[in-house]
Amino acid sequence: MERTTLLCSSSLISSPTTSLRNPPSLIIPFRNQLSHSISIPSHVRYPLIRLLTHRRAFSPAHCSATQEVIETKEIASGFVEIGFILGVHGIQGEVCVKPNTGFPELRFCKAGQRWLRQQVSGTETIEEVELVEGREHPRRNGWILRFRGVDTVDQARQLVGSTLLVKEDDRPLLEEDEFYTRDLVGMRVILKETGELIGTVADVFNTGANDLLHVMLEASVFMPDESGKSDLTETGAAGPLVWIPFVEAIVPNVDLIRREMEITPPKGLLQLNVRPDMRSKKERRQLEWKERKKFQKRLIAAKKKLCEMEQQHVFHGFRFGEKSQRSLLADQIVEVNSKLLQQALQNVEVASNRWSITESISGIKQVKSGLRVPENCFTPPTSEEMLGANFKFQEQASHLASNGKVGIVLHMGYCKSQERRCDPYLVNTESIKNSTLSSLETLLSEDERLVKVEYRESVPLVLVCPDDDLKYVEKLLSSSDYFGFDCQKVWFLQEEKLPIVSSSEEHSHKILMKSPWEMLQSPVGSGGVISLLSSHNMIENLTQMGLEYIQICSIKNRYIGGSSHLLGFAHSQKADVGVQIPQDTTDLEESFGMVFSMNFMKKLARQTNKLQFYAIPTLNSHVEMVEKKWVDVVPSSPNSYELCCTIYSCLNACSPDKICAMEITG
């Protein structure tokens, strides 16, 4: 097929030398197209025009777009279709042709070379013919042609069923803002505002009003969730198809050289007519019913556990508010890690058992398996001469990484102690988030600090992020081709949170409510990584992948490049836990770095009660019900506890002779 697409042009071609009864049959206003058998009026000027098999005569002065129908697939090298021979006309060897071009007068009236594609004995052949003359059929939507050397009915019958072709480089030149449909197909579609790749143009159709781009979305696109909000959803290798009007307001820029176009779609356009799955309405309703029943069972179980902890006041919100607010409360109740909450409350109530990081680190320094490494060994590039005797540990770590025996968990939560040292009115959470994302990008961009690029396809990566940062981290990695990691081995987990509780000594610690339908919550800290990996079955999944060790570290760790030394040292000592001890131990929670054997991680997943929690006194406004009315409570002094756990507390579950420590010296 030979199709052209134009943008705001007057007339694409001059009148052929042969006298014509009808002008060209394309012309669409700005950017149009919908069906292969629809012709479009030319009263409006549009950017795109894709000509179809049906023709309608228009005055060249009103022609704003011209289309030569060009197949999106290659017909043969350098050829495009312009028509199909339907049958014989008369007894002089003439044939009747169904046009497949937007330039029928040019293609069928102007004498010269053409080519015929035929099937001969099962083999496709293309041969050159010479067009002598042509004219439009007076009653049919077709053209009558005569070729040199074809003078009888029998000779003409041999051509029936053939496809008429022209050279691709014989396409008429287009004016500004005019495009051939074939040139648009396969173009990348990019959001102008963010630069995000949305998908690829699969086809172009004319609706009679304006052309439509049929765009196949990328595997990861924003799709509507059950609440109607946009959510990042994995749709598979072949994404869904969406319609995008090819008008200048939505497609302002088309770059033929770079093979991409920028779009500025109105809100909701990309979700229009896209269904999350291809199941029938009945099947979807059955699935939704099953999901509701499953959620109800989880909600009943969660409410029962909270009742056992005397937290029934959390349910008061179910008697008030709208359905969406009650649903928010139900979601939060189900998401509470009641086992972890109960353990944390028990630890807080027994003050004598509160755990000290400093005391534990002091004990670690006394373990038999110890290694002292100068901090300059962690500044890339490193060499065998610089590392000396420690070079063998780096070699062992590289061997484990290259064979897919080690995984990495990066914790992106910022330290609460750092936040408390600042004036709460001066804390800029946006700047903290940007700093964290910048640190992550810098870390993953460097070749040697975390793991060499050549080994990354074999190394699973788990990113534990604050809720607000999750989508930004996903976008950062997807837009950077996952920095060399296998996207099938990269997971994004929201950091573990627990409700904030009252600090009253007279009564049991009660969960504080931000509103009748929302709990006050705070991140657990680095120790939450252990329960997070357990609850999401990550430990089991990583074990099935053949991992022997897992590195867990903070992206704020100055010496994160030393994780390979620690891994190699722990492997050589056959230790279950390896601990990195920096020179400055004042911010251990913020700059931790540890290595665990998978055998110990599986054991720890069954013994999360070994984790020790501590309480941070904080001042929090909240609401509570007094005499059947909701009352705002604004305290003047600390009135609550944030429940925290450090990853170092997991050392309580490990035998001292199975712990090794790497101390960083000046």
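The confidence that the predictor assigns to each residue is called pLDDT and runs from 0 to 100. The model shown is a predicted one. Its chain has a mean pLDDT of 78, with 76% of the residues at 70 or more.

Two segments call for caution. Over residues 6-75, pLDDT stays under 50, although the model has 313 contacts beyond four places in sequence for this segment. Residues 417-428 likewise stay under 50 in pLDDT, and for them the model has eight contacts beyond four places in sequence. Where pLDDT is low, the predicted coordinates should not be read in detail.

**The helix pair H4 and H5**

Helix H4 covers residues 281-308 and helix H5 covers residues 323-335. Their axes come within 8 Å and cross at roughly 65 degrees. Angles of 65 to 115 degrees count as roughly perpendicular, so H4 is roughly perpendicular to H5. The crossing in which H4 passes H5 is left-handed.

On the H4 side, the contact is made by Phe-295, Arg-298, Leu-299, Ala-302, Lys-303 and Leu-306. These meet Ala-330, Asp-331, Ile-333 and Val-334 of H5. Of the residues in this contact, seven are nonpolar and three are charged, while none is polar.

At one end of the order, E13 pairs with strand E14 (residues 260-263) in the antiparallel sense. Within that pairing, Asp-255 has Glu-260 of E14 as its bridge partner.

Another open sheet is built from three strands in the order E20-E30-E27, and its pairing is antiparallel. Its edge strands are E20 and E27, each of which pairs on one side only. E20 runs antiparallel to strand E30 (residues 640-645). Ser-502 stands opposite Ser-640 in E30.

| Strand pair | Sense | Bridges |
|---|---|---|
| E13 and E14 | antiparallel | three bridges |
| E20 and E30 | antiparallel | two bridges |

Key
Residues numbered from 1 in each chain as written. Predicted model: local features only at pLDDT ≥ 70, side-chain atom pairs only at ≥ 80, totals over all residues. Heavy atoms only, no water. Contact = heavy atoms within 4.5 Å. Axes fitted to C-alpha atoms, helices over the stretch in contact; angles between N-to-C directions. Helix = DSSP H or I, 4+ residues; strand = E, 2+ residues; numbered from the N terminus. Parallel < 35°, antiparallel > 145°, perpendicular 65-115°, else oblique. Left-handed = near helix turned anticlockwise from the far one by under 90°. Nonpolar A, V, L, I, M, F, W, Y, C, P; charged D, E, K, R; others polar. Pairing = 2+ DSSP bridges.
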